[in-house]
Amino acid sequence: PSGHAAMSVAVYGTIAVLLFRRLPAGWRVVPVAALPSLALIIGYTRVYFAYHTPDEVMLGVVVGLLSIAMAWYLFLRH
């Protein structure tokens, strides 16, 4: 799997979750729109520059999403 895709989804996704919980209601759309968009751009560039196949990038995205779920479960579920 693509490590760049996995790490970008995990890091940017976790930051988006943390900011979503802390920001006022009107500002919550900013991290939810901007940070996952960065992760998608990184995944796209991995395929565009032929470093990975789309399947490898998608597997990296799944790994990143599992990381967000684990972080949510361990640190943010209260």
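**Entry 1: the core.** I went for the largest nonpolar core, and it has six residues: Ala5, Val9, Ala39, Val57, Val61 and Ile68. My working definition of a nonpolar core is a set of buried Ala, Val, Leu, Ile, Met, Phe, Trp, Tyr and Cys residues joined through side-chain atoms within 4.5 Å. Buried means under 20% relative accessible area, exposed means over 50%, and partly exposed is in between (1.4 Å probe, protein chains only). H1 and H3 are the elements that give two or more residues to this core. H3 supplies the largest share, three residues. In soluble globular proteins, nonpolar side chains tend to be buried together.

**Entry 2: ground rules.** I'm looking at a predicted model, where local features need pLDDT of at least 70 and side-chain atom pairs count only at pLDDT 80 or more, while totals for chains, interfaces and linings use all residues. Residues are numbered from 1 along each chain as its sequence is written, and side-chain values use heavy atoms, with hydrogens and water left out.

**Entry 3: the overall layout.** I found three helices and zero strands in the protein. Helices (H or I, at least four residues) and strands (E, at least two) are DSSP runs, numbered from the N terminus. The C-alpha atoms fill a box of roughly 40 × 25 × 10 Å, taken along the principal axes. Of the 78 residues, 26% are buried.

**Entry 4: helix H3.** I checked the length of H3, residues 54–76. The expected span is 1.5 Å times one less than the number of residues. Which residues of H3 are buried? I noted Val57, Gly60, Val61, Gly64, Ile68, Ala71 and Leu76. These buried residues pack against helix H1 (3–22) and helix H2 (29–48).

**Entry 5: contacts.** I took contact to mean heavy atoms within 4.5 Å. Val61 touches Ala5 and Val9, leaving aside residues up to four places away in sequence. Among contacts between residues at least 6 apart in sequence, 70% join residues at least 24 apart.

**Entry 6: Ala50.** Where does Ala50 sit? I found Ala50 in the loop between H2 and H3. Ala50 has a positive phi of about 60 degrees although it is not a glycine. Is Ala50 buried or exposed? Its relative accessible area is 66%, so I put Ala50 down as exposed.

**Entry 7: the surface.** The protein exposes about 5500 Å², and carbon and sulfur atoms supply 74% of that. Accessible areas come from the Shrake-Rupley method with a 1.4 Å probe; for residues, only the protein chains shown count as cover.
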